[in-house]
Amino acid sequence: MTEESSLHKQVLNRLNRLDIPGYELLIERRKGRLDLPNPRFQSGQKEPEQKKRTLCYTDAILHTQGKPRLLLELVHNNPTRPNGITGLTVNIDRIAAIHQNIDLLYVVLADEMTAFFCRQHGRGHYFGPKYDACLQRCLEAGPELEGYSELIHEGVAANFKKVLVDYPITDYLRNMPAPSVLFLNAHRAETDWDTYEPHALRRIRDEIDHIISSPQRRQTRLAGVSEIMPNYPEQLTQVGN
């Protein structure tokens, strides 16, 4: 398993600043991993031979009196490959057979996109003046959330899109809705976290609110794609999604 980065630990530790009315948030701590399934995870007690029964670990659990409502996985180094994304999603679906009414949120610290997919030309374009018109047409083609998602062309963001959207995961999920994915800007988090933190936590909070207040999703939701678009041209990246 890939060792988690210092940035992963830094952002994870700040999740304790989130306040979700009606819920408590448990965050993975050193020597206090949140292993599942475990009906007594809240009290710190373990079932007999719990390590042998553990199916996966998660970075944070939103719960009410020990009843999980949302599992949050903060992604920087891991899982970023298609097989890891698929494996964790399917394992959490199996856990949802025991802990019912669970949603899964991936918060992905991703590098900025260097290129975008152009539907008109059927290929990728690098961001730059040469393709401003193509970018504008792409953003005007549909609703903001859908429009930005279609721009994803390479990198970690493309792996999540491929595994969860292009080849839909829903056919393999029996116990929970499709996961939600929120992209955050890894460079801004690493180089200017003090400034970026309030915005990043607000994006996470808004996505959690959306998940727990909305009907079950039939398709994976990709949010925050604008966070990983470069600031060129600036007027096109200020329209949040």
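Arg33 lies over the face of Tyr57, at 3.8 Å from the centre of the ring, where a charge is taken to sit over a ring if NZ of Lys or CZ of Arg is within 6 Å of the ring centre and within 35 degrees of the ring normal. The structure is a predicted model, in which local features need pLDDT of at least 70 and side-chain atom pairs count only at pLDDT 80 or more, while totals for chains, interfaces and linings use all residues. Residues are numbered from 1 along each chain as its sequence is written, and side-chain values use heavy atoms, with hydrogens and water left out.

The protein chain has an average pLDDT of 87, and 89% of its residues score at least 70; pLDDT is the predictor's confidence in each residue, from 0 to 100. Among the elements of the chain, β6 has the highest mean pLDDT (97) and helix α9 (residues 234-237) the lowest (43). Over residues 232-241 the pLDDT is below 50, and this stretch has 28 contacts in the model beyond near neighbours in sequence, a contact being heavy atoms within 4.5 Å.

The secondary structure of the protein chain comes to nine helices and 10 strands, with helices (H or I, at least four residues) and strands (E, at least two) taken as DSSP runs and numbered from the N terminus. Of the 241 residues, 50% count as buried, where buried means under 20% relative accessible area, exposed over 50%, and partly exposed in between (1.4 Å probe, protein chains only). Among contacts between residues at least 6 apart in sequence, 67% join residues at least 24 apart. The accessible surface comes to about 12600 Å², of which 46% belongs to carbon and sulfur atoms, as computed by the Shrake-Rupley method with a 1.4 Å probe, only the protein chains shown counting as cover for residues.

A search of the whole structure finds three aromatic pairs; rings of Phe, Tyr and Trp (its six-membered ring) pair if their centres lie within 6.5 Å, and planes under 30 degrees apart count as stacked, over 60 as edge-to-face and the rest as tilted. One of these pairs is formed by Tyr106 and Phe160, whose ring centres are 5.2 Å apart with the planes at 70 degrees, so the pair is edge-to-face. This pair links distant parts of the chain, since Tyr106 belongs to strand β6 (residues 103-110) and Phe160 to helix α6 (residues 155-166), 54 residues apart. Tyr106 is buried at 0% relative accessibility, and Phe160 is likewise buried, with a relative accessible area of 0%. In the pair of Trp193 and Tyr196, the ring centres are 6.4 Å apart and the planes at 70 degrees, so this pair is also edge-to-face. Trp193 and Tyr196 are three residues apart in helix α8 (residues 193-213), and are therefore separated by about one helical turn; both are buried.

The buried residues of α8 include Glu197, Ala200, Leu201, Arg203 and Ile204. Ile212, which also lies in α8, is partly exposed at 22% relative accessibility. Leaving aside neighbours within four places in sequence, Ile212 is in contact with Ile20, Tyr23 and Arg69. Ile212 and Ile102 are 110 residues apart in sequence, and their C-alpha atoms are 9.6 Å apart in space.

In helix α3 (residues 82-95), the 14 residues should span 20 Å, and the end C-alpha atoms are 20 Å apart, which agrees. Ile85, Leu88, Thr89, Asn91, Ile92, Asp93 and Ile95 are buried in this helix. The buried residues of α3 pack against β2 (34-36), β3 (56-58), β5 (67-75), β6 and α6.

A cis peptide bond, with omega about 0 degrees, joins Leu36 and Pro37, and Pro37 is found in the loop between β2 and α2 (50-53). Asn78 and Pro79 are also joined by a cis peptide bond, with omega about -5 degrees, and Pro79 is placed in the loop between β5 and α3. Gln65, although not a glycine, has a positive phi of about 50 degrees; Gln65 lies in the loop between β4 (60-64) and β5 and is exposed, with a relative accessible area of 72%. Asn101, again not a glycine, has a positive phi of about 60 degrees; Asn101 is found in the loop between α3 and β6 and is partly exposed, with a relative accessible area of 45%.

Definitions and conventions:
Expected span 1.5 Å × (residues − 1).
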